[in-house]
Amino acid sequence: MRSKYFTLLTMALLLVGAKVLAQCPTLEKFNQGNGNPGSCAGVSGTPIPPSFIGTPYGVVPPGSKTAELNASWPTSPNPLPAVGGIYFNAMPTAHKAGPPTIPVLQGGKYKSQYCFYHPTGAAIPSFKTITIVYIDPIPDTVLRVCSYDPGGNEIPPPVITKQPEDQIGCLGYKSRFVVAAIKGEPTDTAVHYQWMKDGVDMPGKTDSILEIVVTAADTGTDRYQCRVIGMPSLGVALTVEVSLFLNKPHIWTGAISTNWNTAGNWIPATIPDSTKHVYVGPKLNKPFIPLADTGRCKCLTLDTGWVNLDGRLEVAGRIQLLDSTRYISALTTGHLVLNGTELPQDIPDGTFLQNRVFGLTVANALDVHNIDTLDIYGFINRILGVLTTADKITLKSVPTGTARVAQGPALGGYISGQVTVERYVPVVPGGYRAWRFLSVMTIGTQTIKQAWQENGSGIFDNPWPGYGTFITCSAASGFGPAQGYDLVMPKMSIQTFDEGAQSFTNTNVPNTNAKLLSSERAYFLYVRGDRTVLPAPVYDQGGSTTLRSKGLLRIGDQLPIAIPAGNFAALGNPFASPIDFLSLDAPEQLAVGNKFWLWDPRRSGSFGVGQWVLFSLTNAFLPQAAGGSYPNVPNTIIPLGMGFLLQGGLIGSNITVKEAAKFASNTNNGFKAPNNDRFQIALDYVKDATTVIPADGACAVFGNYTNDINADDAGKIAGAGENIAISHSGNDLTLDARPAITNDTVKLKMWNLVYTYDYRVTINPIVSTQGIKATFVDKYLQTTMPLDMTKPTVIDFKINKDTASFAINRFYIALSAAPVVTHIGDPSAAEVEIYPNPTDAQNINVNIKAADKGEYSFKIIDGQGRLVHAETYKHVGGSLNKSLSVQGRLVPSNYFVVVSKDGHELSTKKLIINK
């Protein structure tokens with residue numbers, strides 16, 4: 001049979017029209033091949049030209065056995081059917097059939113004779129059933145497929161309910177032909193499938209689905225067909241013949257616009273989906289996928305063309321770049337998803353313009369392989385499979401953001417190969433050099449010198465401008481350039497935390513040439529800027545830089561880290577992702593007092609170094625004082641590339657940082673800020689009478705606590721610059737948790753204040769208890785100042801030659817409380833609910849039960865403390881339901897909704913925007 005047997009036109013002819021064989025003929029005679037070459041009409045050993053186009057017939061080989069088939073028709077058939085194929089017991093045979101004789105009317109039926117023979121002379125075998133394919137010989141189209149028992153009785157064939165269709169395949173990927181059928185013979189119990197290629201059975205291909213891996217030879221010339229067999233009757237039905245074409249594409253024309261998702265820009269005029277192979281050629285309008293849109297295809301072939309990608313592009317097959325000027329342009333927000341299901345997928349060299357992409361999602365269980373240089377500016381997201389890096393992927397860090405790796409399996413193993421991880425370190429405002437507490441996110445053989453010093457050989461060697469920094473040692477350390485340090489200075493510029501000494505020391509870094517960067521969880525590093533910023537005895541001539549390391553990523557649940565009882569331990573965020581402290585197991589949070597410390601280089605004070613900031617559940621995870629890097633909003637996030645400190649409780653404990661702690665994949669559900677009274681106390685250095693530089697802070701919290709020093713309190717970690725603490729029972733505290741305010745005194749302790757410098761103390765009361773009074777007392781000047789309970793109070797003071805002016809106990813706060821007056825709708829008792837949460841930013845509602853009359857404000861603050869939305873509402877009393885008009889402007893992230901009434905904060909709630 002020819003390929004044209006089974007075009008769509010053929011199928012139409014099978015259903016309607018005059019040239020349809022209405023029914024199978026009756027077999028009146030069929031012998032078993034006992035004849036000789038002359039026993040069939042027209043077969044005498046002499047070639048006779050074929051009577052019908054495409055019907056093979058010629059000389060019967062000498063000595064072959066022939067047979068006759070007499071078929072009778074109720075009406076004279078038109079056209080006169082030829083035999084296009086023969087099956088014995090539903091199996092193909094090499095027997096041939098010559099053209100029939102002209103039908104003769106005998107006994108009310110039209111009879112014709114066919115001559116059967118075998119090219120090699122084989123006799124026709126005995127059979128249970130014979131199936132004959134009758135064709136129209138002129139267009140070579142099938143008229144009927146008829147099955148008979150040896151007595152010539154027709155056997156009902158299976159009924160095909162779904163025909164296979166031509167497929168367009170992508171090189172190396174699977175294409176699929178699908179057929180479905182039901183039994184036709186009532187006594188049959190099942191149907192059996194046998195696929196054929198060019199008329200020959202395909203061994204083992206006996207399912208209703210035929211999958212074929214596409215090769216370069218699949219040009220549509222091979223024909224695939226399924227023989228459907230009734231069991232046990234052996235009645236046969238044949239599907240249409242279909243072909244497999246290599247990369248017959250969805251062709252981009254750009255006829256209407258540049259929008260990928262406009263049907264009129266394609267031939268055919270439909271938007272491609274994940275089953276379509278896309279071809280982009282030399283058209284003026286290049287396809288564009290906007291930020292909010294998604295484009296889809298199977299294979300993507302770029303030939304003198306490219307794709308401009310701001311949104312999301314899902315590719316389920318192969319990316320083919322026909323030369324180096326073809327690429328995907330994804331410089332800002334473009335996101336590529338590789339979600340094939342048949343074969344591993346590659347990211348070929350040159351896939352992206354400038355080798356950069358914002359987001360990459362691995363969603364192929366059979367893995368994704370990167371081929372060459374690839375810079376990722378946003379994220380790697382893993383859904384299925386393993387990403388193989390070829391040691392050529394870089395997670396970029398720039399002033400506008402740092403790439404991260406989203407949450408994967410707890411056991412890790414979803415990224416194979418080395419990755420370069422960058423951490424952009426901005427200069428502190430004012431141009432200050434500053435200490436940084438930095439974690440290490442890779443494991444490998446890189447030394448400190450190779451990584452953070454960019455393998456430079458001294459202060460005049462700058463291999464990669466914009467990267468690395470100078471690391472210096474002190475003369476007292478006994479180290480020098482021979483140990484990898486760039487220069488000898490008065491002090492060391494790199495330290496690690498010594499748990500035994502409970503301090504930062506240089507003893508663990510004797511040699512940056514040999515010290516493996518990954519051998520410590522975190523380092524205290526003095527960052528001057530990149531290697532163009534020379535070491536000098538100044539702190540206000542710094543610059544920015546990018547520090548990087550290369551190795552295997554720390555992924556999956558990490559090994560437990562011991563936290564000594566009562567002492568501090570230094571940890572590093574191990575992941576190339578922010579982590580959420582609240583995602584630690586609850587017992588582990590409790591064991592470290594539900595608190596952690598981060599280093600803030602912007603609390604530089606007059607020394608220009610930085611200070612520790614405490615975040616504690618006792619203080620609703622607010623910083624102990626506003627200012628510096630952390631605004632006065634709750635924070636439980638530890639950024640990527642940052643170290644942090646924990647303090648053990650009465651007994652030692654272990655901390656396990658798990659993959660699930662990654663911030664991008666955790667909702668922080670259950671967080672609720674305690675509604676405690678608190679006094680935040682900030683100490684600032686006032687430079688040049690105008691510039692205020694945060695130095696340090698402390699906080700007193702009043703509520704359901706005791707006066708004992710316990711896990712609700714937090715000790716003071718002294719910095720090298722100005723320090724402030726609360727002195728309580730001989731302890732210096734950053735956070736002092738006390739019982740509810742009655743009559744009390746908060747004793748302040750300040751040290752390292754500099755002679756002749758101007759300083760400022762800011763007292764910020766956040767109180768809901770009515771009747772609280774507070775007075776700031778200066779024992780040196782013998783002055784008092786009442787504190788405003790509704791807003792911060794600023795007190796400026798100066799240090800002079802009088803030693804009493806810088807006495808560590810110069811100041812304290814006196815507190816008193818009047819009887820509490822309650823009334824219906826007391827804001828302190830208000831129940832605030834945010835819903836839905838998480839949400840897609842289209843619909844954000846606030847509900848407050850028993851809300852008193854007054855003016856309510858609603859503020860939304862992002863993770864960096866920036867106000868992104870604010871509105872007010874005058875309420876007449878009773879239940880309050882307010883819909884916030886953000887109009888979908890918020891990008892997916894975590895936020896805080898701060899609700900206040902008449903200037904007093906009622907609640908701070910975590911809000912998750914998740915599109």
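His 875 has a relative accessible area of 7%, so it counts as buried; buried means under 20% relative accessible area, exposed over 50% and partly exposed in between, with a 1.4 Å probe and protein chains only. Before I go on, this is a predicted model, in which local features need pLDDT of at least 70, side-chain atom pairs count only at pLDDT 80 or more, and totals for chains, interfaces and linings use all residues. Residues are numbered from 1 along each chain as its sequence is written, and side-chain values use heavy atoms, with hydrogens and water left out.

Back to the histidine. His 875 sits in strand 72, residues 867–875. Strands here are DSSP runs of E with at least two residues, helices are runs of H or I with at least four, and both are numbered from the N terminus. What does the side chain of His 875 reach? The backbone oxygen of Gly 878, at 2.8 Å. Leaving aside residues up to four places away in sequence, His 875 touches Ala 851, Asp 852, Lys 853, Gly 854, Tyr 856 and Leu 880, where contact means heavy atoms within 4.5 Å.

Now the cysteines. A disulfide is a covalent bond between the sulfur atoms of two cysteines. In this model the working rule is a pair of cysteine sulfur atoms within 2.5 Å, and by that rule the count comes to 2 disulfides.

The link of Cys 24 and Cys 146 is left-handed, with -90° about the S-S bond. Cys 24 lies in the loop between helix 1 (8–15) and strand 1 (26–30), and Cys 146 in strand 9 (residues 141–148), so the pair ties together parts that are 122 residues apart in sequence. Cys 24 counts as buried at 5% relative accessibility, and Cys 146 counts as buried at 0%.

The other disulfide joins Cys 170 to Cys 299, with S to S at 1.5 Å. The torsion about the S-S bond of Cys 170 and Cys 299 is about -105°, so this disulfide is left-handed. The pair links distant parts of the chain, 129 residues apart: Cys 170 is in the loop between strand 12 (167–169) and strand 13 (174–178), and Cys 299 is in the loop between strand 25 (294–297) and strand 26 (300–302). Both Cys 170 and Cys 299 are buried.

Cys 226 is in no disulfide; its nearest cysteine sulfur, that of Cys 146, is 19 Å away. Cys 226 is buried, at 0% relative accessible area.

Last, the chain as a whole. There are 3 helices and 75 strands. The radius of gyration is 41 Å, well over the 29 Å that the globule rule gives for 915 residues, so the chain is more spread out than a compact globule. That radius is taken over C-alpha atoms, and the globule rule is 2.2 Å times the number of residues to the power 0.38. Along the principal axes, the C-alpha atoms fill a box of roughly 135 × 75 × 55 Å. Buried residues make up 52% of the 915 residues.

Key: A polar contact is a pair of N or O atoms within 3.5 Å; within protein, one must be able to donate a hydrogen and the other to accept it, and residues adjacent in sequence count only if both atoms are side-chain atoms.
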